[in-house]
Amino acid sequence: MTDAAGEPPQSDDLHDAPALLRELALNLRWSWSHGADELWRELEPQLWERTHNPWAVLQAVSGPRLGEMLADSVFRRRVCEIAGRARAATQGPAWFAQAHDPASLAGVAYFSMEFMLSEGLPIYAGGLGNVAGDQLKAASDLGIPVIGVGLLYQQGYFRQVIDREGGQQALYPYNDPGQLPLTPLRGSDGASLRLQLAFPAGPLWLRVWQADVGRLRLYLLDSNDAANYPAYRGIASELYGGGAESRLQQEIALGIGGWRLLVALGIDPEVCHLNEGHAALAILERARTCMRRMEVPFGTALAMTRPGNLFTTHTAVPAGFDRFPADLIEQYLAGYAREELGLTRQELLGLGRAEARDESEPFNMAYLAVRGSGAVNGVSRLHGEVSRRIFLPLFARWPASEVPIGHVTNGVHAAGWDSPEADALWTRACGKERWREAPGATEELIGRVADAEIWQARAAGRRALVEYARERLSRQLGASGADEAHVAAAGRALSPDALTLGFARRFATYKRPNLLLHDLERLARLLTDERRPVQLILAGKAHPADAPGQELIRQWVQFVRREDIRAHALFLSDYDMLLCERLVQGVDVWINTPRRPWEACGTSGMKVLVNGGLNLSELDGWWAEAYTSEVGWALGDGHAHDDDPDWDGREARQLYELLEQEVVPEFYARDADGIPAAWVARMRCSMGRLTPRFSANRSVREYLEQYYLPAAAAHRARSRNHGALAARIVESLRALDQGWPSLGFGSASVETREGEHRFSVEVRLGTLDPLAVRVELYAEARDGLEACRVPMARLVRPAPSSEPAGFERYEARVPATRPADDYTARAVPATAELAVPLEAAHILWQR
């Protein structure tokens, strides 16, 4: 059992082997640290190979079998030694405490709708969960004090079956919490910890479960409580299932329920990290908690807590945001806003709208997240640019380049995705602590590894993938009712020596998974070349409501079932974390074909890096940053072309040409030792340069240093002296709101002489304090010149003054290196304590 403080059960006796086995099985560190793998394999070999889930093994092993193993002194000693090493790894000093003052960050609450940690805890759908899970693992390695908050889904995301016609069928098996590596959270009195939220049909009760992730904790809220109204018990049944009301119910449980859980546990994190807008309601509940604790109104509470909130957006198109009808928001949240926050219906809805009084505008959770956060970031450099355009409606009349959204490019937790062969190679080259230390000279160290050693590791990974794919395909065909001949043939499909391409992801039209199918016979010739064989392994799901995505799956399944193709290409159903691991460990080339710029980042291609796989990808997301000709191949021209069938055709032909003229020849160009020297050189460059750069080790450090530490410091500053600074900020905002309409520009002039432009402009300040307004010249980027802002100085008014009554004169000089017409005068807030334009988007341009 787990107590209210969140401490996991732990045996004090390192000789108590049964308790230590349980301790090891309940900590998801086994998903990336494989020291105990042989223990579980010995207990239940078949179940272990099928699930790689120690908790499932420990639950399933018979009493006599477990007793027999524990009677073996050698086995017991191994259990104790492995448990001792695990404790040392999770309780010993880590990078954060060595590199930073631990007092600089009391804690980070990381909210996410999904977490991909292990197939043994199936509460994920795809990329968002992948990022969340890998960041938790990296934070554990680095010792950063992060607490995960999510939902426990009774059915999770759907499981996929491919029927005889090639169609996708969705199944929803039940996740029995007793079979998952979780412990129920209990209070100090031993009773289950339960949270109560007010819902229209009565209270919603949430149970709480804990997952241990290395040295960190992940708390999961569960709506399947017997005291709930029957319809409410299923709120957390499916991930991304149901309609708008179901989604809103889940987001209330996650955001409001999640923050209340932290309060109930006595956890007071300085930083709240929202991994997408699903948890945006945590902003309101955090402010409510502050209101009660500090006895301040909502506005002051939000000003105090906002700097400690970080919003990470993963969405590349506005349609991807969660938006809800006003009447639904009113049904579920108007009472909460009125009674708990002191907000009117209009004020509540205004937090999620670009135009607060536009009754036709839905409530946008991403808008609430921006309005309640002290920083916002995208998940790649290109996605940061895209996001600045997407959120322009919240920053009307501001240039897109100044919309306050930065970026931290995602990374993957390399230790969780590497094959045993790759792990051994990296350990010999760079040491066992390579992913816990600051990225160092990995390129140089990998450069010292012999070509033969790199190629042997790559061949071993491919061979293991082929064996796994054959076995999985045989089971898949047998379950779908295929005849015995086809099932038997699956056991002979593929070759362990052939160039192996991988393509696996969510099947959606913008990802263009059918690009390779543009010319079926050209693809068939590529796959069936006897002299230089190529093979292709595909996997992926389409959302059950996405008919076009399911049709793309059907097209691929029909192609790979052709008699001339079935030995060279196959579609593996039910793409999950285990299958993903095998694919990224074994493929030679990972193909990705999204329509730029709709791939916010993409992490699947990052996972092959540590295993020596190469990328052939559209110049979108992370690959737009990573690509050079030495590390892989690029598709497209680096520009957006929208939904253009002609351009898709051009890129399909480019993809075939890259494979035929560059990828295949380089793979099969062997030296006297049978090694493709140019290919291995490309592998070495990709591994050494890109693996550390696109690791979660790097991304989590960036979050810490660019966002978490500044956010914690800003939150502390605004909370001091009973929130005195926050109260001043509220007054400053009120003065800006009231006085800005009276602000105006008068006459202006510019004179060019002596190599500089001399600007002069009159400004009517009205009721605004001159110190609250910054007047400046702005020139946008053009012709290779960067955008620039030049402050204008307010002149001291002579007595008597010739200026019109109520006007102040501002002047500035700039070098005449660009035309004077490039510059426009504008006024923006100058209050040093405000984040402009994030907290104060006021702006006025000279006409």
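**Contacts, salt bridges and helix packing in the predicted model**

R247 touches M113, Y240, H278, D322 and F324, leaving aside residues up to four places away in sequence. The model is predicted. R247 belongs to helix 10, which covers residues 244–264. R247 has a relative accessibility of 18%. R247 therefore counts as buried, the limit being under 20% relative accessible area. M606 lies 359 residues from R247 along the chain. The C-alpha atoms of R247 and M606 are separated by 30 Å.

The chain as a whole was examined next. The chain has 847 residues, and 58% of them are buried. Its secondary structure comes to 29 helices and 28 strands. The C-alpha trace spans about 100 × 70 × 50 Å along its principal axes. For 847 residues, a compact globule would have a radius of gyration near 29 Å. The chain has 29 Å, in agreement with that value. Among contacts with a separation of 6 or more, 73% join residues 24 or more positions apart.

Salt bridges were then counted. The count comes to 64.

R159 and E119 form a salt bridge through their side chains, with an N to O distance of 3.2 Å. R159 lies in strand 3 (residues 159–162). E119 lies in the loop between strand 1 (108–112) and helix 8 (127–142). The two residues are 40 apart in sequence, so the bridge ties together separate parts of the chain. E119 is buried, at a relative accessible area of 15%.

In the pair R595 and D648, the closest N and O atoms of the salt bridge are 2.7 Å apart. The bridge links distant parts of the chain, 53 residues apart. R595 sits in the loop between strand 18 (589–592) and helix 25 (604–607). D648 sits in helix 27 (residues 645–668). Both partners are buried: R595 has a relative accessible area of 7%, and D648 has 14%.

The side chains of R782 and D822 also meet in a salt bridge, at 2.9 Å from N to O. Here both residues lie in loops. R782 is in the loop between strand 23 (773–779) and strand 24 (788–791). D822 is in the loop between strand 26 (807–815) and strand 27 (823–829). The pair ties together parts that are 40 residues apart in sequence. R782 is partly exposed, with a relative accessible area of 40%, whereas D822 is buried at 11%.

Helix packing was examined for helices 20 and 24. Helix 20 covers residues 451–479 and helix 24 covers residues 577–586. The two pack at an angle of about 145 degrees, and their axes are 7 Å apart. Helix 20 passes helix 24 in a left-handed crossing. Helix 20 contributes R458, G461, R462, A464, L465, Y468 and R472 to the contact. Helix 24 contributes L578, L579, R582, L583, Q585 and G586. By class, the contact has six nonpolar, three polar and four charged residues.

How values were computed
Residues numbered from 1 in each chain as written. Predicted model: local features only at pLDDT ≥ 70, side-chain atom pairs only at ≥ 80, totals over all residues. Heavy atoms only, no water. Axes fitted to C-alpha atoms, helices over the stretch in contact; angles between N-to-C directions. Helix = DSSP H or I, 4+ residues; strand = E, 2+ residues; numbered from the N terminus. Left-handed = near helix turned anticlockwise from the far one by under 90°. Contact = heavy atoms within 4.5 Å. Nonpolar A, V, L, I, M, F, W, Y, C, P; charged D, E, K, R; others polar. Salt bridge = Lys/Arg side-chain N within 4 Å of Asp/Glu carboxyl O. Buried < 20%, exposed > 50% of the residue type's maximum accessible area, 1.4 Å probe, protein only. Rg over C-alpha atoms; globule rule 2.2 N^0.38 Å.
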